[in-house]
Amino acid sequence: MAKLRFFPVSYDVDGRIVLVVGDGAQALQKLRLLVRSRARLRLISACPAADLAAFIAEHEVEQVALGLCPCLIKDAALVFIASGDEQQDAALSAMARACGVPVNVVDRPHLSDFAVPAIVDRAPIAVAISSDGFAPVLAQRVRALIEAALPPQFGRLGALAQAIRTAVMTTLHDSASRRKFWARIFDGEAGRLALDGHGEQARLLALQGLREASFAPARGIVYLVGAGPGAEDLLTLRAHRLLQSADVIVYDALVPEAVLAMGRRDAERLSVGKRKGRHSMPQDEINALLVRLAGEGRMVVRLKAGDPLVFGRVGEEIAALREAAIPFEIVPGITAALAAAADSHIPLTLRGVASHIVFATAHGAEGEEPAGYEALAASGATIALYMGKSVADKAVARLVAGGLAATTPAVAVENAGRAGRRILRGTLGDLPLLVKREDVTGPVLILIGPAIAHASDALAENLAAALSAAA
Ligand code: SAH
């Protein structure tokens, strides 16, 4: 295994002197980074360039117009050298080393005791990215990814943690209950208040939570989380964060492996099935399972495909949790209809063409007839039909009987928003062909309505041709 030459550590510079030696752009670049720390900054520069001089005038940087000497170095915690001249750099580095003070020479690793990583600064949280000096551009790229993942106000969560840390350490004595408490603070209302800038309210709420946690046995919680259509990068940041701190992940068969893999490594994973034709756990057993797991004080993520509130039978799970007085929160996800529309470039609403959208199921609950969407269809709505593949013939018959023309544009998207996507385009009258198709094995979302005429031709196969060819 490759080993690190530069081991990342965080160095305490609070109130200590840090020296920067140089007159030009590189010294300025180092100072720009260092002013974000609590160090006392001293610039050793006889004739600073104009922008360097302007910078130190605006920041708390003391200028010393002498050359570097051991008497200046001996009080310093760190020395940065950017003289720009190789020989001078070498001499200055040797001087710092002789004084036993760690030195960094810009762009000269052989003269340096330490390197400065790329930093994502969300003080008090900081992420340092090091590439052992070999690939600074790669490190910058990683930095850009992390910058995007951490909102600018992320540090407020760190400030909240700082404000209550001592209380947490003295109140909760084992690391498991502390971990659970922190997870609940960061994912819950207190965390949200902190991120929104209500630091004091967040602190009080968190302390109240801490008092409750200290005398009540650990209380579990269930997060009903939408996993989106299946691509990992269509998961929300909140869903990702919860998956990372879950004790147990209870998931449906439609949730792909790649999304599950984003959960905490040692979280227990329980499949509750639910894919047409495969064995699945009856809904009331799932309800009871959630209540039991949370009742044991565990943090449960109930992961559902798409959005949990769209044909996810989450109403029954919520009722069971309410009855058992188990706290829960719901995290929305991208529902299949939205992914299917995006895949096929279909505006779901379109000025003058489609002014509303219907999320409909082709299967009614437990043998019930599906709700009457024919009237809506006739009004020009875009209909998103879930669970329609195997009953497309019946659904179409109802829509046509309800007054919708068989020539109404329709599209069937298999594996919307995930690998293996297939877009089949045609008319309402073509859809019954789907029923007999055994090669369409992924989940299928059907969109029907006049707006579908605006789907992208380039992306789609012709439904009738593709389906009848294989029939
Ligand atoms: N809660 C889910 C829907 C669950 S019902 C959501 O919001 O998306 C299951 C049905 O959803 C499937 O029969 C299919 O019609 C649709 N579906 C779910 N994921 C899909 C996907 N990736 N592509 C196409 N259809 C999908």
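A polar contact is a pair of N or O atoms within 3.5 Å; within protein, one atom must be able to donate a hydrogen and the other to accept it, and residues adjacent in sequence count only if both atoms are side-chain atoms.

## Basis of the model

This is a predicted model, in which local features need pLDDT of at least 70 and side-chain atom pairs count only at pLDDT 80 or more, while totals for chains, interfaces and linings use all residues. Residues are numbered from 1 along each chain as its sequence is written, and side-chain values use heavy atoms, with hydrogens and water left out.

## Ligand site

For Val 444, the distance from a backbone N or O atom to an oxygen of the ligand is 2.6 Å. The ligand taken alone exposes 540 Å², of which the protein buries 91% (accessible areas by the Shrake-Rupley method with a 1.4 Å probe; for residues, only the protein chains shown count as cover).

There are 18 residues around the ligand, and Asp 307, Val 310, Thr 335, Ala 416 and Val 444 come nearest (a residue is near a molecule or strand if one of its heavy atoms lies within 4 Å of it). By class, this shell holds 13 nonpolar, three polar and two charged residues (Ala, Val, Leu, Ile, Met, Phe, Trp, Tyr, Cys and Pro count as nonpolar, Asp, Glu, Lys and Arg as charged, and the others, Gly among them, as polar).

## Six-stranded sheet

Six strands form an open sheet of mixed pairing, in the order E13-E14-E17-E15-E16-E18. Helices (H or I, at least four residues) and strands (E, at least two) are DSSP runs numbered from the N terminus, and two strands pair if DSSP finds at least two bridges between them. Strands E13 (357-361) and E18 (461-462) are the edges, each pairing on one side only. E13 runs parallel to E14 (residues 382-386), with five bridges between them; Ala 360 has Leu 385 in E14 as its bridge partner.

Helix H14 (residues 336-343) packs on this sheet and touches E13, E14, E15 (409-414), E16 (422-427) and E17 (444-448) (contact means heavy atoms within 4.5 Å). The direction of H14 makes about 70 degrees with that of E17 (axes are lines fitted to C-alpha atoms, for helices over the stretch in contact, and angles run from 0 to 180 degrees between N-to-C directions).

## Five-stranded sheet

A second open sheet has five strands in the order E10-E9-E11-E8-E12, with parallel pairing. Its edge strands, E10 (268-271) and E12 (328-331), each pair on one side only. From one strand to the next, the twist averages 20 degrees.

E8 (residues 221-226) and E11 (residues 299-304) run parallel and are joined by six bridges; Tyr 223 is partnered by Val 301 in E11. Helix H10 (residues 237-245) packs on the sheet against E8, E9 (248-251), E11 and E12, at about 135 degrees to E11. Helix H12 (residues 283-295) touches E8, E9, E10 and E11, and its direction makes about 150 degrees with that of E11.

## Backbone exceptions

Most residues other than glycine have a negative phi, and most peptide bonds are trans. Met 387, in the loop between E14 and helix H16 (392-401), has a positive phi of about 55 degrees although it is not a glycine.

The peptide bond from Ala 123 to Pro 124 is cis, with omega near 5 degrees. Pro 124 is in the loop between E6 (118-122) and E7 (125-129), and a hairpin joins these strands through two residues. E6 and E7 pair in the antiparallel sense over five bridges; Ile 119 has Ala 128 in E7 as its partner.
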